[in-house]
Amino acid sequence: MWSVLSSGPDFVLDSLKTFAESTGVAGLLAHMGWGTLAMICVAFVLLYLAIKHKFEPLLLLTIAFGMLLTNLPGANMYHTELFAGGHVHWDIFVAKAGLLDYLYLGVKLGIYPCLIFLGVGAMTDFGPLIANPKSFLLGAAAQLGIFMTFIGAYALGFSPAESASIGIIGGADGPTSIYLTAILAPDLLGPIAVAAYSYMALVPVIQPPIMRLLTTEKERKIKMRQLRPVSKTEKILFPLIITVIIALLLPSAAPLVGCLMLGNLMKECGVVDRLSKTVQNELMNIVVIFLGITVGATATAEAFINARTLFILLLGVIAFSFGTAGGVLLAKLMNLFAKDGNKINPLIGSAGVSAVPMAARVSQTEGQKADPSNFLLMHAMGPNVAGVVGSAVAAGILLSFLG
């Protein structure tokens, strides 16, 4: 200490100046633009929505905090130049990488979404879908929004890869949206992830008006037959059969669907309960933290605050709306060829988007508004879980054409 003081006041002043210039406050004053300030405000708004209103809090909270970290000057946790052009620049990675750069590799390499699908599979009951295979058609129809929005985004001037990434929002499946976007259009990852999870949280707000607009009161009162019991053998064979079929027909969808079905097999076989509980809880929670904070880190001012982001948010709503409408309209079409006792309540078609189980609950709620004695939840779970598979397949189709 004495040697420092004896070296003179100039040394002390220079040291204090160097320290002051190294602080985040100095960076804030020197580099703060309105865009950075706006992104910090957006992060606080998303934190408020996650904490106060519980909008997809498990992911929205971590995404918002990652957004806050990446926009605070001087933190040096995430560097966009390491992933410029959609590639990992390994030649400069070790020299410049921060904490979030390393964690982001799990997104860039497609690891986190697949691990989340592993947990989702372990928490999913495909029984209603097996009992009523027609639900597959409703889940497929609800992917209409993906392809309609893909065409619309391309017409507005987005590239095919960007259009596919925007369209996948219509599947209402956050991990799938992140998986596809990280491969095809990583520059759009922040806006698309925020849009996907925000609209998933807004399912009870967005879907009901569309459902009521496209159905009559008589249709909403349709009561469906009780689903048949599904045997354990059927539940064990289902993930194996789906994995083989999807892998043979659409290899690009195999990582997502394979992990989904492996998780489900762990749940249904009954011999690996420890593994099933681990992927449902500990593994799922860890991956959600890493995924959310790194996706949020990509939401820099340059990537987020522009006209394209506004178009993405708008097109995301359109994609979601078309997906909802597609499932309802196909159910109405199927009723034209069904006998009176086998009619489908069109409300369950809206559950074909893969926001599980929220979309199925919305179908149940709307059905009971028309007839309090009508119970549609288990019927709606069929299209709902079919939508999870459907969105992964849609992502695989887009990857096979554009990847």
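The entries below go through the charged pairs one after another.

Before starting, I noted that this is a predicted model, in which local features need pLDDT of at least 70 and side-chain atom pairs count only at pLDDT 80 or more, whereas totals for chains, interfaces and linings use all residues. Residues are numbered from 1 along each chain as its sequence is written, and side-chain values use heavy atoms, with hydrogens and water left out.

Entry on the count. I looked up salt bridges (a side-chain nitrogen of Lys or Arg within 4 Å of a carboxyl oxygen of Asp or Glu) and found that the structure holds 10.

Entry on Lys 96. I found its side chain in a salt bridge with Glu 81, at 2.8 Å from N to O. Lys 96 belongs to helix α6 (residues 90–96) and Glu 81 to the loop between α5 (57–71) and α6, 15 residues apart; helices here are DSSP runs of H or I with at least four residues, numbered from the N terminus. Lys 96 is partly exposed at 36% relative accessible area, and Glu 81 is partly exposed at 33% (buried is under 20%, exposed over 50%, partly exposed in between, with a 1.4 Å probe and protein chains only).

Entry on Glu 219. I noted a salt bridge to Lys 332, with the closest N and O atoms 2.9 Å apart. Glu 219 lies in helix α16 (residues 217–220) and Lys 332 in helix α22 (residues 307–335), so the pair ties together parts 113 residues apart in sequence. Glu 219 is buried at 17%, whereas Lys 332 is partly exposed at 23%.

Definitions and conventions. Helix = DSSP H or I, 4+ residues; strand = E, 2+ residues; numbered from the N terminus.
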